[in-house]
Amino acid sequence: MIQAAEALGQGVGVAAACEARGVPRSTLYRTRQQPANEMPSVERPPSARALSAQEKVTVRSLLNSPRFQDSSPREVYAT
């Protein structure tokens with residue numbers, strides 16, 4: 001569909017071609033910028049507020065303990 005809208009767009013304009021083919025213009029423009037089937041990979045740094053591996057283990061063990069096993073994390077925090 002994108003290729004058909006691209007070909008039609010050369011004759012009648014991109015907006016009219018996309019409307020006729022049912023393709024969003026943003027999708028057409030995005031495919032022009034990126035090679036086919038290749039998504040940009042963005043490596044995000046970990047959040048400064050993220051728990052460390054040891055903290056995650058501690059929290060999970062507390063949430064799964066018999067005292068809190070039937071409580072939601074919000075209830076455990078309030079306790």
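I began at the end of helix α2, where glycine 22 follows with a positive phi, near 75°. Helices here are DSSP runs of H or I with at least four residues, numbered from the N terminus.

I noted the basis of the entries: the model is predicted, local features need pLDDT of at least 70, side-chain atom pairs count only at pLDDT 80 or more, and totals for chains, interfaces and linings use all residues. Residues are numbered from 1 along each chain as its sequence is written, and side-chain values use heavy atoms, with hydrogens and water left out.

I next looked up burial in α2. Val14, Ala17 and Cys18 are buried (under 20% relative accessible area, 1.4 Å probe, protein chains only). Seen down the axis of α2, these residues fall within an arc of 95°, so they line one face of the helix; the arc is taken from the directions from the helix axis to the C-beta atoms. Glu19 and Ala20 are exposed (over 50%) on the face of α2 turned away from the buried side.

I then examined the neighbour of α2. The axes of α2 (residues 14-21) and α3 (residues 25-33) come within 9 Å and cross at roughly 115°; axes are lines fitted to C-alpha atoms over the stretch in contact, with angles from 0 to 180 degrees between N-to-C directions. The two helices are therefore roughly perpendicular (65 to 115 degrees). In contact (heavy atoms within 4.5 Å) are Val14, Ala15 and Cys18 of α2 with Arg25, Leu28, Tyr29 and Arg32 of α3.

Lastly, I recorded that the chain has 5 helices and 0 strands, and that 13% of its 79 residues count as buried.

Key:
Angles under 35 degrees count as roughly parallel, over 145 as roughly antiparallel, 65 to 115 as roughly perpendicular and the rest as oblique.
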